[in-house]
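Work through the exercises below with the sequence and the structure in view. Try each task before reading its solution.

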Amino acid sequence: MTHHLKRIYLCFCAVIIGITLSACAGDPLQSGLDPFAPMVFKEGTTAMPLNPPNQATLLPFYVSQHTIFKFAVDTDSILIGADGVTRYIVVLTSPSGSVQAQYEGIRCDSFQWRLYGTLENNVWRENPLSSWRAIQSNVPNRYQAALAQGAFCNFNSQEKSIKAILQSLNPNGFIGGTKPTNSNGTP
């Protein structure tokens, strides 16, 4: 009978060890797959545009009553990246009529923007000091905030539909010059 009890004991120990090991394999702290851990941003590659802004698809948008510049986005240039970055060409026009085109990106999850490059003599030049910067909502030339709040972002999530972005940029319904509100209309 002792031999039989020893065998049962060994089987019992093997089952306990198996259960323990399988429990450890599913532990998110052990496996590193914690579903509640913050996601680390990994930006995809960004290629500079090949052409200058398309004059036929430039769409002006309202920024604020305090700005003296005019702003337009090239709707053909809007790219909704799988990395969470919406990239676009923006054209800034000063009161004197000088024009500058920039290739930029907006991250909705962190409310940041990045200048990838500028158009100089009809050639795109990369910005060697490009880095992510906080979008400023309280400055006169707050065009990144206007684009993020009015079209590119759905609160802190990237808008995934180009159709929805184009509808939001419609000058008759563009709300980028205002702060987003909650469902009660409170800022």
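**Exercise 1. Decide whether R107 is buried or exposed, and find where it lies.**

Step 1. R107 has a relative accessibility of 9%. Buried means under 20% relative accessible area, exposed over 50%, and partly exposed in between, with a 1.4 Å probe and protein chains only. R107 therefore counts as buried.

Step 2. R107 lies in strand β4, residues 99-107. Helices (H or I, at least four residues) and strands (E, at least two) are DSSP runs, numbered from the N terminus.

Step 3. Leaving aside neighbours within four places in sequence, R107 is in contact with F41, G84, V85, Q112 and W132. Contact means heavy atoms within 4.5 Å.

A note on the model: it is predicted, local features need pLDDT of at least 70, side-chain atom pairs count only at pLDDT 80 or more, and totals for chains, interfaces and linings use all residues. Residues are numbered from 1 along each chain as its sequence is written, and side-chain values use heavy atoms, with hydrogens and water left out.

**Exercise 2. Describe how β4 is enclosed and which strands it pairs with.**

Step 1. Seven of the nine residues of β4 are buried, so the strand is largely enclosed by the rest of the structure.

Step 2. Strand β3 (residues 85-93) pairs with β4 in the antiparallel sense over nine bridges. Two strands pair if DSSP finds at least two bridges between them. T93 stands opposite V99 in β4. The hairpin of β3 and β4 has five residues between the strands, and G97 there takes a positive phi near 100 degrees.

Step 3. With strand β5 (residues 112-120), β4 pairs in the antiparallel sense over six bridges. E104 stands opposite L115 in β5. Four residues separate β4 and β5 in their hairpin, where F111 in the turn has a positive phi of about 50 degrees.

**Exercise 3. Find the disulfide and state which parts it ties together.**

Step 1. A search of the whole structure finds one disulfide, a pair of cysteine sulfur atoms within 2.5 Å. C108 and C153 form it, with their sulfur atoms 1.9 Å apart.

Step 2. C108 is in the loop between β4 and β5 and C153 is in strand β8 (residues 153-154), so the pair ties together parts that are 45 residues apart in sequence.

Step 3. The torsion about the S-S bond is about -80 degrees, so the disulfide is left-handed.

Step 4. C108 counts as buried because its relative accessibility is 3%. C153, at 11%, also counts as buried.
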